[in-house]
Amino acid sequence: MNTAVTESLQAEVLTLVPAIRRFAYRFERDPADAEDLAQETLSKALGHLDQYTVGTSLKSWCFTIMRNTFLNNVNRRKRHVLVAEVDDSSTTTGWCNQEAGLYATQVWSALSTLPLHQKNALLMVLDGLTYEQIAAAFECEMGTAKSRIARARSALAAILGEINPTAAATIPMA
(Lines give C-alpha, C1' and ligand atoms only; values in the text may rest on other atoms or scores of the structure.)
Protein backbone atom coordinates (compact mmCIF):
# COMPACT_ATOMS: atom_id res chain seq x y z
CA MET A 1 0.00 0.00 0.00
CA ASN A 2 1.40 3.39 -0.88
CA THR A 3 1.80 6.23 1.60
CA ALA A 4 -1.13 8.30 0.31
CA VAL A 5 -3.55 5.37 0.71
CA THR A 6 -2.20 4.58 4.18
CA GLU A 7 -2.58 8.20 5.31
CA SER A 8 -6.10 8.30 3.88
CA LEU A 9 -7.02 5.10 5.75
CA GLN A 10 -5.50 6.44 8.97
CA ALA A 11 -7.65 9.55 8.69
CA GLU A 12 -10.73 7.43 7.99
CA VAL A 13 -10.03 5.22 11.03
CA LEU A 14 -9.76 8.34 13.19
CA THR A 15 -13.22 9.46 12.02
CA LEU A 16 -14.54 6.14 13.34
CA VAL A 17 -13.31 6.77 16.92
CA PRO A 18 -16.76 7.77 18.31
CA ALA A 19 -18.43 4.71 16.77
CA ILE A 20 -15.67 2.43 18.04
CA ARG A 21 -16.03 3.85 21.56
CA ARG A 22 -19.81 3.35 21.49
CA PHE A 23 -19.42 -0.21 20.21
CA ALA A 24 -16.96 -1.01 23.02
CA TYR A 25 -19.76 -0.46 25.54
CA ARG A 26 -21.59 -3.46 24.04
CA PHE A 27 -18.78 -5.65 25.33
CA GLU A 28 -17.62 -3.97 28.52
CA ARG A 29 -19.75 -2.63 31.37
CA ASP A 30 -17.04 -0.62 33.05
CA PRO A 31 -16.31 2.66 31.22
CA ALA A 32 -12.57 2.28 31.82
CA ASP A 33 -12.57 -1.24 30.36
CA ALA A 34 -14.62 -0.03 27.38
CA GLU A 35 -12.10 2.76 26.76
CA ASP A 36 -9.23 0.27 27.02
CA LEU A 37 -10.93 -2.01 24.50
CA ALA A 38 -11.55 0.89 22.13
CA GLN A 39 -7.92 2.06 22.45
CA GLU A 40 -6.58 -1.45 21.87
CA THR A 41 -8.82 -1.80 18.83
CA LEU A 42 -7.63 1.50 17.38
CA SER A 43 -4.03 0.59 18.03
CA LYS A 44 -4.41 -2.76 16.26
CA ALA A 45 -6.35 -1.24 13.36
CA LEU A 46 -3.79 1.51 12.78
CA GLY A 47 -0.90 -0.91 13.21
CA HIS A 48 -2.29 -3.42 10.71
CA LEU A 49 -3.69 -1.18 7.97
CA ASP A 50 -1.59 -3.14 5.50
CA GLN A 51 -3.93 -6.13 6.13
CA TYR A 52 -7.08 -4.13 5.31
CA THR A 53 -8.66 -4.90 1.94
CA VAL A 54 -9.41 -1.64 0.14
CA GLY A 55 -13.01 -1.48 -1.04
CA THR A 56 -14.47 -3.28 1.98
CA SER A 57 -16.08 -1.62 4.99
CA LEU A 58 -13.40 -0.14 7.23
CA LYS A 59 -15.93 0.21 10.06
CA SER A 60 -16.83 -3.50 9.92
CA TRP A 61 -13.15 -4.38 9.81
CA CYS A 62 -12.51 -2.33 12.97
CA PHE A 63 -15.55 -3.85 14.71
CA THR A 64 -14.28 -7.34 13.88
CA ILE A 65 -10.91 -6.45 15.37
CA MET A 66 -12.74 -5.28 18.53
CA ARG A 67 -14.82 -8.44 18.82
CA ASN A 68 -11.77 -10.66 18.38
CA THR A 69 -9.78 -8.60 20.88
CA PHE A 70 -12.59 -8.85 23.41
CA LEU A 71 -12.89 -12.63 22.99
CA ASN A 72 -9.11 -13.05 23.27
CA ASN A 73 -9.10 -11.01 26.48
CA VAL A 74 -11.94 -13.08 27.96
CA ASN A 75 -10.15 -16.32 27.11
CA ARG A 76 -6.88 -14.99 28.52
CA ARG A 77 -8.57 -14.06 31.82
CA LYS A 78 -10.10 -17.52 32.06
CA ARG A 79 -6.76 -19.23 31.63
CA HIS A 80 -5.17 -17.19 34.39
CA VAL A 81 -7.93 -17.37 37.01
CA LEU A 82 -8.83 -20.95 37.82
CA VAL A 83 -9.59 -20.72 41.51
CA ALA A 84 -10.39 -17.59 43.51
CA GLU A 85 -8.17 -16.62 46.40
CA VAL A 86 -9.58 -17.75 49.73
CA ASP A 87 -9.74 -15.33 52.65
CA ASP A 88 -8.57 -16.95 55.91
CA SER A 89 -11.34 -15.21 57.85
CA SER A 90 -14.11 -16.77 55.73
CA THR A 91 -16.38 -19.44 57.17
CA THR A 92 -15.82 -22.99 56.05
CA THR A 93 -18.32 -24.84 53.92
CA GLY A 94 -17.11 -28.35 54.68
CA TRP A 95 -14.76 -28.53 51.72
CA CYS A 96 -11.05 -28.63 52.42
CA ASN A 97 -8.67 -26.93 50.03
CA GLN A 98 -7.61 -30.25 48.47
CA GLU A 99 -11.22 -31.22 47.72
CA ALA A 100 -11.96 -27.82 46.21
CA GLY A 101 -8.81 -28.01 44.11
CA LEU A 102 -9.64 -31.53 42.94
CA TYR A 103 -13.19 -30.53 42.05
CA ALA A 104 -11.92 -27.45 40.21
CA THR A 105 -9.61 -29.69 38.18
CA GLN A 106 -12.54 -31.99 37.36
CA VAL A 107 -14.69 -29.02 36.29
CA TRP A 108 -11.99 -27.61 34.02
CA SER A 109 -11.32 -31.04 32.55
CA ALA A 110 -15.04 -31.49 31.86
CA LEU A 111 -15.17 -28.01 30.29
CA SER A 112 -12.51 -29.01 27.78
CA THR A 113 -14.83 -31.73 26.40
CA LEU A 114 -17.63 -29.28 25.56
CA PRO A 115 -18.02 -27.86 22.03
CA LEU A 116 -16.02 -24.64 21.75
CA HIS A 117 -19.07 -22.34 21.33
CA GLN A 118 -20.73 -23.80 24.45
CA LYS A 119 -17.52 -23.69 26.47
CA ASN A 120 -16.84 -20.05 25.53
CA ALA A 121 -20.44 -19.04 26.28
CA LEU A 122 -20.31 -20.66 29.73
CA LEU A 123 -16.94 -19.10 30.50
CA MET A 124 -18.35 -15.69 29.60
CA VAL A 125 -21.23 -16.25 32.05
CA LEU A 126 -18.75 -17.24 34.75
CA ASP A 127 -16.83 -14.08 33.93
CA GLY A 128 -19.96 -12.04 34.76
CA LEU A 129 -21.04 -11.03 31.26
CA THR A 130 -24.74 -10.54 30.58
CA TYR A 131 -26.67 -12.54 28.01
CA GLU A 132 -26.78 -9.42 25.84
CA GLN A 133 -22.99 -9.07 25.91
CA ILE A 134 -22.52 -12.75 25.13
CA ALA A 135 -24.97 -12.57 22.22
CA ALA A 136 -23.11 -9.51 20.90
CA ALA A 137 -19.76 -11.29 21.21
CA PHE A 138 -21.06 -14.29 19.24
CA GLU A 139 -23.05 -12.05 16.86
CA CYS A 140 -26.20 -14.08 17.48
CA GLU A 141 -29.64 -13.63 19.02
CA MET A 142 -29.93 -13.58 22.81
CA GLY A 143 -32.04 -16.76 22.71
CA THR A 144 -29.25 -18.57 20.90
CA ALA A 145 -26.74 -17.47 23.52
CA LYS A 146 -29.09 -18.63 26.32
CA SER A 147 -29.51 -22.01 24.60
CA ARG A 148 -25.76 -22.48 24.30
CA ILE A 149 -25.31 -21.69 27.96
CA ALA A 150 -28.13 -24.00 29.05
CA ARG A 151 -26.76 -26.86 26.94
CA ALA A 152 -23.27 -26.28 28.30
CA ARG A 153 -24.53 -26.35 31.90
CA SER A 154 -26.53 -29.53 31.30
CA ALA A 155 -23.62 -31.27 29.58
CA LEU A 156 -21.24 -30.19 32.33
CA ALA A 157 -23.63 -31.46 35.01
CA ALA A 158 -23.96 -34.81 33.23
CA ILE A 159 -20.18 -35.21 32.88
CA LEU A 160 -19.63 -34.38 36.56
CA GLY A 161 -22.59 -36.46 37.76
CA GLU A 162 -24.32 -33.44 39.30
CA ILE A 163 -28.08 -33.26 39.67
CA ASN A 164 -28.24 -29.46 39.50
CA PRO A 165 -26.58 -27.87 36.42
CA THR A 166 -25.70 -24.75 38.45
CA ALA A 167 -23.83 -26.88 41.00
CA ALA A 168 -21.63 -28.25 38.25
CA ALA A 169 -20.25 -24.80 37.52
CA THR A 170 -19.85 -23.81 41.18
CA ILE A 171 -16.61 -24.60 42.93
CA PRO A 172 -17.11 -24.50 46.71
CA MET A 173 -14.35 -22.69 48.53
CA ALA A 174 -13.18 -23.38 52.05
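**A chat about helices, core and aromatic rings**

Reader: Which residues is Gln118 in contact with, once its neighbours within four places in sequence are left aside?

Author: In this predicted model, Gln118 is in contact with Arg148, Arg151 and Ala152 when those sequence neighbours are set aside.

Reader: And where is Gln118 found, and is it buried or exposed?

Author: Gln118 is found in helix 6, which covers residues 116–126, and its relative accessible area is 10%. Because buried means under 20%, Gln118 counts as buried.

Reader: You mentioned Arg148; over which ring does its charged end sit?

Author: The charged end of Arg148 sits over the ring of Phe138, at 4.9 Å from the centre of that ring.

Reader: Switching to the core, which residues have the most contacts inside the largest nonpolar one?

Author: The largest nonpolar core has 43 residues, and those with the most contacts inside it are Ile20, Leu58, Trp61, Cys62, Phe70 and Ile134. At least two residues of this core come from each of helix 1 (3–15), helix 2, helix 3 (31–47), helix 4 (58–80), helix 5 (97–111), helix 6, helix 7 (131–138) and helix 8 (142–160).

Reader: Which helix gives the largest share of this core?

Author: That is helix 4, from which nine residues of the core come.

Reader: What is Leu58 in contact with, again leaving aside neighbours within four places in sequence?

Author: Leu58 is in contact with Leu9, Glu12, Val13, Leu16 and Tyr52, with those neighbours left aside.

Reader: How many aromatic pairs does a search of the whole structure find?

Author: The search finds four aromatic pairs. In one of them, the ring centres of Phe23 and Phe27 are 5.2 Å apart and the planes stand at 85°, so this pair is edge-to-face.

Reader: How are the rings of Phe23 and Phe63 arranged as a pair?

Author: Phe23 and Phe63 are stacked, with 4.1 Å from centre to centre and 15° between the planes. Because Phe23 lies in helix 2 and Phe63 in helix 4, the pair ties together parts that are 40 residues apart in sequence.

Reader: Which residues make up the aromatic cluster here?

Author: Phe23, Phe27, Phe63 and Phe70 form one aromatic cluster; of these, Phe23 and Phe27 are both buried, and Phe63 is buried as well.

Technical notes: Residues are numbered from 1 along each chain as its sequence is written. This is a predicted model: local features need pLDDT of at least 70, side-chain atom pairs count only at pLDDT 80 or more; totals for chains, interfaces and linings use all residues. Side-chain values use heavy atoms; hydrogens and water are left out. Helices (H or I, at least four residues) and strands (E, at least two) are DSSP runs, numbered from the N terminus. Buried means under 20% relative accessible area, exposed over 50%, partly exposed in between (1.4 Å probe, protein chains only). Contact means heavy atoms within 4.5 Å. A nonpolar core is a set of buried Ala, Val, Leu, Ile, Met, Phe, Trp, Tyr and Cys residues joined through side-chain atoms within 4.5 Å. Rings of Phe, Tyr and Trp (its six-membered ring) pair if their centres lie within 6.5 Å; planes under 30 degrees apart count as stacked, over 60 as edge-to-face and the rest as tilted. A charge sits over a ring if NZ of Lys or CZ of Arg is within 6 Å of the ring centre and within 35 degrees of the ring normal.
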